Amino acid sequence: AGLVIARSVKEMRDLGSKKKTELKRDKWWGELRREIRGHARALGCNVVMGYEEKSSIFDDAIIMTASGTAVSISSRREIDQGLTEMGLSPKARRSSSSEGDYKKRVDNKKKDKEEGGGHRKRDGDGKKR
């Protein structure tokens, strides 16, 4: 993982109409985006987070900068681990308070489907009727 940056300086003189100027700028941004993706792949990463594009115009020149943080994400488990390492709770996005409770709910849903039932009422002791 790491910071990825791509910069380009382009001459804006004689680009033609406003529409042609917009098309040229879009093309230039596309080149920078491809470069950013290439830098990320070179680092062994598959995602760029916090991506930003900035431009500054000086006389007839435009300086374009694209940047972000390249990271490698391959599974929900890795995302949860990363959130935990940052001191955030990945469980907060789930309604259960523990992985075990979540797994039990998934298993119960599978069991209900197999038994042909969906939502059944429960007795006071929690057993299904």
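Is Asp-59 buried or exposed? Asp-59 is exposed, with a relative accessible area of 79%.

## Model and confidence

This is a predicted model. The protein averages a pLDDT of 77, and 68% of the residues score at least 70. Residues 95-99 are one of them, with eight contacts in the model beyond near neighbours in sequence. Residues 118-123 also have a pLDDT below 50, and that stretch makes 11 such contacts. Where pLDDT is low, the predicted coordinates should not be read in detail.

## Helix H1

H1 covers residues 18-42. Its 25 residues should span 36 Å at 1.5 Å a residue. The end C-alpha atoms are 36 Å apart, so the helix agrees with that expectation.

The buried residues of H1 are Thr-21, Trp-28, Trp-29, Gly-30, Leu-32, Ile-36 and Ala-40. An α-helix has 3.6 residues a turn, so residues three or four places apart point the same way. Leu-32, Ile-36 and Ala-40 are among the buried positions. The cover over the buried residues of H1 includes strands E1, E2 and E3. E3 runs over residues 61-71. Just after H1, Gly-44 takes a positive phi of about 80°.

## Salt bridges

The structure holds three salt bridges. Side chains of opposite charge can pair when their charged atoms come close.

Glu-31 pairs with Lys-10, and the closest N and O atoms are 3.6 Å apart. This pair links distant parts of the chain. Glu-31 sits in H1, while Lys-10 belongs to strand E1 (residues 2-11), and the two are 21 residues apart. Glu-31 counts as partly exposed because its relative accessibility is 31%. Lys-10 is also partly exposed, at 22%.

Arg-33 and Glu-53 meet in another salt bridge, at 2.7 Å from N to O. Arg-33 lies in helix H1 and Glu-53 in strand E2, so the pair ties together parts that are 20 residues apart in sequence. Arg-33 has a relative accessible area of 33% and is partly exposed. Glu-53 is partly exposed too, at 32%.

Glu-52 forms a salt bridge with Lys-54. Here the closest N and O atoms are 3.9 Å apart. Glu-52 counts as partly exposed at 41% relative accessibility. Lys-54 is exposed, with a relative accessible area of 53%.

At 51% relative accessibility, Phe-58 counts as exposed. The cut-off for exposed is over 50%.

Asp-59 lies in the loop between E2 and E3. Its phi is near 50°, a positive value in a residue other than glycine. Most residues other than glycine have a negative phi.

## A nonpolar surface patch

Which residues form a nonpolar patch on the surface? They are Val-9, Phe-58 and Ile-63. Together they have about 280 Å² of accessible area.

Note on methods:
Residues are numbered from 1 along each chain as its sequence is written. Side-chain values use heavy atoms; hydrogens and water are left out. Patches are made of residues with over 30% relative accessible area and no salt bridge: like charges are joined within 9 Å, nonpolar side chains (Val, Leu, Ile, Met, Phe, Trp, Tyr) within 5 Å. Accessible areas come from the Shrake-Rupley method with a 1.4 Å probe; for residues, only the protein chains shown count as cover. A salt bridge is a side-chain nitrogen of Lys or Arg within 4 Å of a carboxyl oxygen of Asp or Glu. Buried means under 20% relative accessible area, exposed over 50%, partly exposed in between (1.4 Å probe, protein chains only). pLDDT is the predictor's confidence in each residue, from 0 to 100. Contact means heavy atoms within 4.5 Å. Helices (H or I, at least four residues) and strands (E, at least two) are DSSP runs, numbered from the N terminus. The expected span of a helix is 1.5 Å times one less than its number of residues.
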